[in-house]
Amino acid sequence: MAVVALALRGRLLTGPASNGMSFLERLADDGVIKKKDIEEIETLVRDKGEDVEDILYARGIDEEKLLKLKSDYLKVPSKSVDPKKITF
């Protein structure tokens, strides 16, 4: 299955989360990453142009889980699709 990526790839996500929390803060609160990792991730994105998702994948978060986390955070539905079933 392929994952349909939500918009904002590569950016530090901000969205309609409760308490104005950033996506990375939400991940830390949910125990997905450590709070001490937030600054390092933000620096990699801001100063080196690295992609948030690629950083999180490298830390062991798979595509399906990241899609669900982003979907929950942004309060938008998500869907995984089989790329073989997509016609152009």
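I take partly exposed to mean a relative accessible area between the buried limit, under 20%, and the exposed limit, over 50%. Arg 59, at 33% relative accessibility, therefore counts as partly exposed. The model I am reading is predicted.

Entry 1, salt bridge total. I looked up how many salt bridges the structure holds, and the count comes to seven. I followed up three of them, below.

I find a salt bridge between Glu 40 and Arg 59, with the closest N and O atoms 3.2 Å apart. Glu 40 lies in helix H2 (residues 37-48), while Arg 59 lies in the loop between helix H3 (52-58) and helix H4 (63-74), so the pair ties together parts that are 19 residues apart in sequence. For Glu 40 I note a relative accessible area of 42%, which is partly exposed.

I see the side chains of Asp 72 and Lys 68 meet in a salt bridge at 2.8 Å, N to O. Asp 72 and Lys 68 are four residues apart in helix H4, so about one helical turn separates them. I have Asp 72 as partly exposed at 35% relative accessible area, and Lys 68 as partly exposed at 48%.

I record a salt bridge from Asp 30 to Arg 26, the closest N and O atoms being 3.5 Å apart. Asp 30 is partly exposed, with a relative accessible area of 44%. Arg 26 is partly exposed too, at 23%.

Definitions and conventions: Residues are numbered from 1 along each chain as its sequence is written. This is a predicted model: local features need pLDDT of at least 70, side-chain atom pairs count only at pLDDT 80 or more; totals for chains, interfaces and linings use all residues. Side-chain values use heavy atoms; hydrogens and water are left out. A salt bridge is a side-chain nitrogen of Lys or Arg within 4 Å of a carboxyl oxygen of Asp or Glu. Buried means under 20% relative accessible area, exposed over 50%, partly exposed in between (1.4 Å probe, protein chains only). Helices (H or I, at least four residues) and strands (E, at least two) are DSSP runs, numbered from the N terminus.
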